[in-house]
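The sequence and the structure come first, and the description follows.

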Amino acid sequence: MRTYLALSAAAAVLAGAGATAYATTADTAASGPARPLAGMRILISNDDSMQAAKASNSDGLGLYELRRAMCAAGADVVVMAPWQVQSGKGTAVTNGGVLTAQRRTTLPAGYEGDCAQAPSAGAVYGVCLSAGPCTKDSPSATPADTVKLALRAGLRAKAGWTGAPDLVLTGINSGPNVSASVNDSGTVGAAVAAVDQGVPALAFSSSGDESQLNFPRVNYRAHAEFGARLVAGLKQRGLLTPRFALKVDYPDVSAGAPAKAPVWTRVGDGAVVYHAFEQRGDGDSFDIALGLCPPDGGGEGECAEGRADADSTWLLDKGHVTIAPITWDRTYGSPVDARRELNRIEHFVKHESPRP
């Protein structure tokens with residue numbers, strides 16, 4: 001069975017949804033040393049934009065939770081993210097025109113002082129496709145654009161960083177990026193752009209609530225604080241590698257059930273959501289719709305999942321944090337590069353990684 005949801009209708013639901021209440025805690029973002037990421041320079045981007053204005057929390061709130069956690073762990077953070085929502089853009093880039101990286105001077109309420117002690121003060125830039133200032137309706141750079149701009153020119157010009165950052169983080173995405181949707185994901189695409197430039201990268205995505213239309217702050221915060229401890233563990237063991245990116249998806253914890261231990265997974269070969277097309281009468285036009293596969297994973301055709309270690313199965317059905325390696329190399333049948341690093345990180349995830 002398949003369910004279709006018109007994308008315009010989904011947008012309307014998202015825009016009108018209420019935010020989930022969240023009580024701020026005083027928990028530290030990382031265990032162990034008070035500042036385990038001290039000395040690290042981290043670039044953060046996403047595909048949800050840097051606006052964080054929607055009540056559904058679907059347009060960049062996760063980015064600010066990730067920024068908060070990394071600064072609390074001692075990192076120097078700069079954000080360069082799309083000006084507008086760019087979900088589903090994959091690795092798309094803009095081939096002409098002018099990009100403007102405009103600093104955000106008024107941050108979302110509650111996040112203003114998160115990076116006050118960092119050398120770059122957690123500067124947040126939105127990147128638009130414009131020869132002048134970005135305005136409300138300015139077209140946006142893609143996620144991959146923002147990372148390429150940052151690494152090739154933007155960080156030097158705006159933050160004074162004369163070398164590459166130590167790490168690129170993308171997300172936290174509003175909704176999981178699993179199975180076939182990974183190929184479309186701008187969150188993953190931005191991380192791929194980083195490793196393509198020789199910089200280690202992790203892509204973070206969090207589940208929404210039961211409806212997958214609202215994205216509670218508590219999910220983002222739990223994921224961000226886990227992410228800070230994960231990055232610290234990888235750093236301490238020398239496992240931050242530019243040979244491939246790591247995709248880290250977090251389950252819904254908004255109903256009170258805690259996330260289960262991290263699992264090393266593969267990208268599923270089925271689908272959770274997919275693009276469907278509905279013809280308008282007998283004409284030449286087709287409505288773009290969002291196809292939803294059955295939530296129990298029992299679908300047929302492109303909805304069928306054939307891998308026991310699929311990310312979607314362990315995340316959505318079993319409630320685990322899932323981690324999978326992602327590479328830029330699309331050469332079918334080529335030997336796996338960096339096998340030693342891959343094995344060491346798999347061992348770390350299975351036996352030594354932090355628990356939620």
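## Disulfide pattern

Counted along the chain, the bonded cysteines of the protein pair in the pattern 1-2, 3-4, 5-6. With a disulfide taken as a pair of cysteine sulfur atoms within 2.5 Å, the count comes to three disulfides. In general, a disulfide is a covalent bond between the sulfur atoms of two cysteines.

The model is predicted, with local features needing pLDDT of at least 70 and side-chain atom pairs counting only at pLDDT 80 or more, while totals for chains, interfaces and linings use all residues. Residues are numbered from 1 along each chain as its sequence is written, and side-chain values use heavy atoms, with hydrogens and water left out.

## Cys-71 and Cys-115

The sulfur atoms of Cys-71 and Cys-115 lie 2.0 Å apart and form a disulfide; because the torsion about this S-S bond is about 100 degrees, the disulfide is right-handed. Cys-71 belongs to helix H2 (residues 61-72), whereas Cys-115 sits in the loop between strand S4 (99-103) and strand S5 (124-129), so the pair ties together parts that are 44 residues apart in sequence. Helices (H or I, at least four residues) and strands (E, at least two) are DSSP runs, numbered from the N terminus. Both cysteines are buried, where buried means under 20% relative accessible area, exposed over 50% and partly exposed in between (1.4 Å probe, protein chains only).

## The two left-handed links

Cys-128 is joined to Cys-134 with an S to S distance of 2.1 Å, and the torsion about their S-S bond is about -90 degrees, so this disulfide is left-handed. Cys-128 and Cys-134 are both buried.

A disulfide also joins Cys-293 to Cys-303, again with S to S 2.1 Å, and with -75 degrees about the S-S bond this link is left-handed. Cys-293 and Cys-303 are both buried.

## Helix H2

Helix H2 has 12 residues and reaches 17 Å from its first C-alpha to its last, close to the expected 16 Å, the expected span being 1.5 Å times one less than the number of residues. Because 11 of the 12 residues of H2 are buried, the helix is largely enclosed by the rest of the structure; among the buried residues are Glu-65, Arg-67, Arg-68 and Cys-71.

The buried residues of H2 pack against several elements, including strand S2 (41-45), strand S3 (76-82) and helix H5 (217-236), with contact meaning heavy atoms within 4.5 Å. H2 is followed by Gly-74, whose phi is positive, near 105 degrees.
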